[in-house]
Amino acid sequence: MTELVVQLPDELARRARSAGLLTDSAIQRLLEEAMRREAGRRLLHVAERLHAAGVEPMSEEEIVAEVKAARAERGAREAAQGQDPKKS
């Protein structure tokens, strides 16, 4: 577990505490939500770059095939390393 020390302006800390946002679970939830939003922004940025480059979108079937191939590759790699691919 990582311990984090954060310095906040007093007024912001007071309001956050009143809203129940300075608990470990609330801060964890806020960070997870922020990371999901950031991942979404990065995905949109990649999509914009692909569109600008004229790359044709993949069909659903192509996406499914790529996901299956990636999972098979990961499973083979983990099996070669003696890991159980179903536990990762």
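This is a predicted model: local features need pLDDT of at least 70, side-chain atom pairs count only at pLDDT 80 or more; totals for chains, interfaces and linings use all residues.

A word on exposure before you click: buried means under 20% relative accessible area, exposed means over 50%, and partly exposed is in between (1.4 Å probe, protein chains only). Residues are numbered from 1 along each chain as its sequence is written, and side-chain values use heavy atoms, with hydrogens and water left out.

**Stop one: helix α2**

Select residues 24–52. Helices here are DSSP runs (H or I, at least four residues), numbered from the N terminus. The expected span of a helix is 1.5 Å times one less than its number of residues. For the 29 residues of α2 that gives 42 Å, and the end C-alpha atoms are 42 Å apart, so the two agree. Step just past α2 to Gly54, which takes a positive phi of about 80°.

Back inside α2, show the side chains of Glu38 and Arg41. They meet in a salt bridge (3.2 Å, N to O); the term means a side-chain nitrogen of Lys or Arg within 4 Å of a carboxyl oxygen of Asp or Glu. The two residues are three apart in the helix, about one turn.

How many salt bridges does the structure hold? There are four. For another, go to α1 (10–18) and pick Arg15 and Glu11, whose side chains meet at 3.7 Å, N to O. Both lie in α1, four residues apart, about one turn of the helix. Arg15 is partly exposed at 46%, and so is Glu11 at 41%.

Now jump to α3 (residues 60–80), where Glu73 and Arg77 sit four residues apart, separated by about one helical turn. Glu73 forms a salt bridge with Arg77, the closest N and O atoms being 3.7 Å apart. Glu73 counts as exposed at 53%, whereas Arg77 is partly exposed at 41%.

Zoom in on two members. Leu8 lies in the segment before α1 and is partly exposed at 35%. Val6 is also in the segment before α1, and is exposed at 52%. Draw a distance from the C-alpha of Val6 to that of Ala19, 13 residues along the chain, and you get 17 Å.

**Last stop: the largest pocket**

Which residues lie nearest the centre of the largest pocket? They are Leu4, Thr23, Asp24, Ile27 and Gln28, out of 20 lining residues. The elements giving two or more residues to this lining are α1 and α2, and α2 gives the most, with six. The volume is about 670 Å³.

On a 1 Å grid over the protein atoms alone, a pocket is an open set of points where a 1.4 Å probe fits, with protein on both sides within 12 Å along at least five of seven lines; lining residues have an atom within 4 Å of a point. Grid points are joined across faces, edges and corners, and a volume is the space filled by probe spheres set on the points.
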